[in-house]
Amino acid sequence: MAEEAKKVLLVDDDPMVLEIFREYCTLGCIRCETARNGYRALEVFENDLEEFGVIVTDTSPGVIELARRASKKFPLLPIIIATGYQKEDVSEIIQEFRVRLLYKPIDRVTFINAIKDTLTHFAPS
């Protein structure tokens, strides 16, 4: 039997955006967990460390701490920043971590392809 793909941890402080991203994952047959901010995402992540292959997050409170802890435990764990801000506005997280940027609004195909590509090529085994 083939190994089950890793889950995606989705983080966004906007419940509508979080629900859209969750629905995108469902449509793309991607397993996911959701959290409304970086602090809650830390709890989810630390309870199920080995299950996640990528974190997709906005820049909500606690995200930098989430990225630090996740990177410390899994240095190769990819992080995708889904943001409505310009690159300069998220420069702190870009400089400190290996991240991929997606700019909101994000269509379903772009979102699913970014996750699947990341899970296939960059997620830790």
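**Note on helix packing, fold and local backbone geometry**

1. In helix α2, residues G38, A41, L42, F45 and E46 meet V63, E65, L66, R69, A70 and K73 of helix α3; contact means heavy atoms within 4.5 Å. By class, this contact has six nonpolar, one polar and four charged residues. Here Ala, Val, Leu, Ile, Met, Phe, Trp, Tyr, Cys and Pro count as nonpolar, Asp, Glu, Lys and Arg as charged, and the others, Gly among them, as polar.

2. The model is predicted, with local features requiring pLDDT of at least 70 and side-chain atom pairs pLDDT 80 or more, whereas totals for chains, interfaces and linings use all residues. Residues are numbered from 1 along each chain as its sequence is written, and side-chain values use heavy atoms, with hydrogens and water left out.

3. Helix α2 spans residues 38-47 and helix α3 residues 63-73; the two pack at an angle of about 25°, with axes 7 Å apart. The axes are lines fitted to C-alpha atoms, for helices over the stretch in contact, and the angles run from 0 to 180 degrees between N-to-C directions. Helices α2 and α3 are therefore roughly parallel to each other (under 35 degrees; 65 to 115 is roughly perpendicular, over 145 roughly antiparallel, the rest oblique). Their crossing is right-handed, that is, the near helix is turned clockwise from the far one by less than a right angle.

4. F21, Y24, C25 and L27 of α1 make the contact with R108, F111, I112 and I115 of α5. This contact of α1 with α5 comprises seven nonpolar, no polar and one charged residues.

5. Overall, the protein has five helices and five strands, arranged along the sequence as β-α-β-α-β-α-β-α-β-α. Both are DSSP runs numbered from the N terminus: helices are H or I of at least four residues, strands E of at least two. The C-alpha trace spans about 45 × 30 × 25 Å along its principal axes. For 125 residues, a compact globule would have a radius of gyration near 14 Å, and the 13 Å of the protein agrees (C-alpha atoms; 2.2 Å times the number of residues to the power 0.38).

6. The peptide bond from K104 to P105 is cis, with omega near 0°; P105 is found in the loop between β5 (99-103) and α5. C29, a residue other than glycine, has a positive phi near 55° and lies in the loop between α1 and β2 (32-35).

7. As to confidence, the protein averages a pLDDT of 89, and 96% of the residues score at least 70; pLDDT is the predictor's confidence in each residue, from 0 to 100.
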